[in-house]
Every structure is written in C-alpha cells, then in structure tokens.
Amino acid sequence: MGEGTGERLGILAGGGSLPCVVARAALEEGYQPIFARFGDGTGGSQDGFGQARDFAWGEAGNAIVWLREMQVRRVVFCGTISRRPDFKTLIPSWQTLKRLPAALSIVRGGDDRLLRNLAAYLERQGFTLLPVQAVAPQLLTPGGTLSARKPETLELSALTSARDAAIALGRLDAGQAVVASNERIIALEGIEGTREMMRRVADLRARGRIHRGERLALVKAVKPDQDHRFDLPSIGLRTIDEAVGAGISAIGLSAGASLVLDYDDVVAAADRAMIALVGLSSTEGTVKAMGEAP
C-alpha cells in the first residue's frame, strides 16, 4: 500500500477518461477515491472505484458539505469541463447561496485565474489540493522523441513555431494549444477547446486553405506561471485520431508538465499513424532533432 494508507481522496471529476485513470492510481497508492462529479462528469461510470455523487453547479456548496461528511481532506481536480459555471443564471441551493459572493468572484477571468481562485477558496474551506501528477506521476510526459519516428526538418520548424506561439498564448491565459506549419501559424486555441480547434484545421485542409507541402504540428504547452495542480495540457488516443483527421504529422507536449493518458497505447497509435510525438522544453527556442530545445 502506498502513502495514502486508506485515506479518502476527493476526486472533483469532469468528463473524459482522466478521472478513472487517477482513481486507479489512487487505489494503488492506498487512497480510497470519492467522486464529486460536475459538468461533463455527471452521469459518469466509476463503478468499482468508490462512492460517487453528481452535483449541478448550483449545488457546489452541497458538494463541499458532502466531502466533509465523507471525511475527505485532500482533493484533486481532473477531467474536462467544457462549460464553466454561471451562478448568475442558476438556481443555487441554500449551501451554495451562502457561498454565492465567493462563487461569483471565482468564475471571473480566464481558466487559469478561475482555477487559482477555486483552489484558494477550497483551501480556506480546509481542503488540501493535490496535483494529478502527485497521485499518478506515470502520466507525466517524458522529454525527447517518444515515437518510433523522429520529427523531420520541416516538422521541427512547425514544432518550434507552434511551441513558441503556445507559450505566448498561455501568457494571455487564452489557451494551451496551437497548430502551426513549417511556414505559418494555422490555428490558436480559444475558449472552444482543442477538439474544436482541430476540427477547424481539418476543415481548412478540406477547403484547400492549407497546401500539401505544409507539414503541420500540434503543440500543447503548459502556460507560463501556470499552477501545476490544475489543467495541465494532455493528450489521449482521441487526440491521435483527431490529428490524423487534421493532417497533423507531429505532436509536441511540455516535457514534465503535461499528461499522456494511456501512454503505451498513445505511442502505439502515433506510430501506426506515422506521427512524430515529442516531449518539448517549456522555454522558447529552436526545437532540435530529438525534440528538445536548448
């Protein structure tokens, strides 16, 4: 048994596979997962992992009370939230209404600011926040080339442009992902998220806006000064499928500051698609042949 020694770990779960991945890792570390599911995570299946309960955004205060009743002291955020809470248009429960001024201040600003505000509030409520990588360190992206195929010269140029643009985008707290070619920036992630950005790229290619000679790279980069307890950039098998559909031949992630879900399967899928997959430095500079920056 790991360092959890039976302690209950609150998993504030959004959608996607990450909450279950974290729960499996938590069990291996000796924690007992307790799911409080919000947004995209409601109605999810976490059978066999522990107790779970769905909460509407208007019941956020009830979730705090419930986690306390479940004797949860540590919590971890994970999963996709495609729509942020809007407490001005919801009918809040009494437990949420008591906390409404704090809730309204939390949801202002960009995603990074929202998560920092939420973290500070939960800490004031007596919870300790753990990063995903503290529970599941095996998800962190290694540095260098991860796939069988190394990026070629034009792809290195595209990776450099996309990584530098993603860092600049992160400074604005606007997004984490960029698609670039060896010639130009193709798409920047905004509030629509990576998936819809990739659909835009696929549509641009289908309409001939991207010519055949351009080699496309997707980079998901951690934001400068980002709180690493939340929302690290991540990819999974679906990302590889979307990359194939968009004509992307190289994918870069911040080494040591991003997550690869189902690592072996993702690398195998990238190899089948002949996509070069690399862990990149989080600083600007020319990407070298092994996928690392000076």
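This is a predicted model: local features need pLDDT of at least 70, side-chain atom pairs count only at pLDDT 80 or more; totals for chains, interfaces and linings use all residues.

Q: Noted. How many salt bridges does the structure hold?
A: There are 16 salt bridges in the structure.

Q: Which residue does Arg 184 pair with?
A: The side chain of Arg 184 forms a salt bridge with that of Glu 214, at 2.8 Å from N to O.

Q: Where do Arg 184 and Glu 214 lie?
A: Arg 184 is in the loop between strand S7 (177-181) and strand S8 (185-188), and Glu 214 is in the loop between helix H8 (194-206) and strand S9 (216-220), so the pair ties together parts 30 residues apart in sequence.

Q: Is Glu 214 buried or exposed? And what about Arg 184?
A: Glu 214 is buried, at 2% relative accessibility. Arg 184 is partly exposed, at 37%.

Q: What does Arg 163 meet in a salt bridge?
A: Its partner is Asp 164, with an N to O distance of 2.9 Å between the side chains. Arg 163 is buried, with a relative accessible area of 1%, whereas Asp 164 counts as partly exposed at 22%.

Q: Why does Asp 164 count as partly exposed?
A: Its relative accessibility is 22%, and buried would require a value under 20%.

Q: And which residue meets Asp 227?
A: Asp 227 and Arg 229 join through their side chains in a salt bridge of 2.8 Å, N to O. Here the acidic residue, Asp 227, is buried at 14% relative accessibility, while Arg 229 is partly exposed at 21%.

Q: Which residues are linked in a network of salt bridges?
A: Such a network links Arg 149, Glu 152, Glu 155 and Arg 215.

Q: Changing topic to the backbone: what is the phi of Asp 262?
A: Phi of Asp 262 is near 55 degrees, a positive value in a residue other than glycine. Most residues other than glycine have a negative phi.

Q: Where is Asp 262 found?
A: Asp 262 sits in the loop between strand S12 (259-260) and helix H10 (263-272). This residue is partly exposed, with a relative accessible area of 37%.

Q: What about the phi of Met 274?
A: Met 274, also a residue other than glycine, has a positive phi near 60 degrees.

Q: In which loop does Met 274 lie?
A: Met 274 belongs to the loop between H10 and strand S13 (276-280).

How values were computed:
Residues are numbered from 1 along each chain as its sequence is written. Side-chain values use heavy atoms; hydrogens and water are left out. Helices (H or I, at least four residues) and strands (E, at least two) are DSSP runs, numbered from the N terminus. Buried means under 20% relative accessible area, exposed over 50%, partly exposed in between (1.4 Å probe, protein chains only). A salt bridge is a side-chain nitrogen of Lys or Arg within 4 Å of a carboxyl oxygen of Asp or Glu.
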